[in-house]
Amino acid sequence: MDKVQTPILIMHNDANGHVPWYQGIEYFIALKRLQKPVWMLNYTGEPHWPTKLPNKVDFQKRMFQFFEHYLHNQPMPRWMEQGVPAVDQEFESGY
């Protein structure tokens, strides 16, 4: 973990039947403790990949914003800078 230099965006949903959810959380927490640039997205009730249209759109927007920030020097979106509480499932339309 201490050798990670690349910013990481993790999407690990809690109904994932392929990879235990806690493994995504452990990876995220380990990187955060080392103060690495990492973000984790979770879509409640979704399997390995989002299946509900609003979640698919949300993930695509956030992934786009992540790469726009790191590859095109765009300002960091609010969700990356301030975070979104895990219990808050109603995301802002403005991100």
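**Surface patch, aromatic pairs and positive phi angles**

The model is a predicted one, so to speak of local features takes pLDDT of at least 70 and side-chain atom pairs count only at pLDDT 80 or more, while totals for chains, interfaces and linings use all residues. Residues are numbered from 1 along each chain as its sequence is written, and side-chain values use heavy atoms, leaving out hydrogens and water.

Leucine 34 sits in the loop between H1 and S2 (helices, H or I, are DSSP runs of at least four residues and strands, E, of at least two, numbered from the N terminus). At 39% relative accessibility, leucine 34 is partly exposed (buried is under 20% relative accessible area, exposed over 50%, partly exposed in between, with a 1.4 Å probe and protein chains only). The loop between helix H1 (21-33) and S2 also holds glutamine 35, which is exposed at 72% and has a positive phi of about 60° despite not being a glycine.

On to the rings. Rings of Phe, Tyr and Trp (its six-membered ring) pair if their centres lie within 6.5 Å, and planes under 30 degrees apart are stacked, over 60 edge-to-face, the rest tilted. This rule gives 5 aromatic pairs. Tryptophan 39 and phenylalanine 66 are edge-to-face because their ring centres are 5.9 Å apart with the planes at 75°. Tryptophan 39 belongs to strand S2 (residues 38-41) and phenylalanine 66 to helix H2 (residues 53-72), so this pair ties together parts 27 residues apart in sequence. Both residues are buried. Tryptophan 49 and phenylalanine 59 are edge-to-face too, at 5.1 Å centre to centre and 85° between the planes. Here the loop between S2 and H2 supplies tryptophan 49 and helix H2 supplies phenylalanine 59, so the linked parts are 10 residues apart in sequence. Tryptophan 49 is partly exposed at 46%, whereas phenylalanine 59 is buried at 6%. Ring pairs also link Trp39, Phe66, Phe67 and Tyr70 into a cluster.

Asparagine 73, in the loop between H2 and helix H3 (78-82), has a positive phi near 55° and is exposed at 69% relative accessibility.
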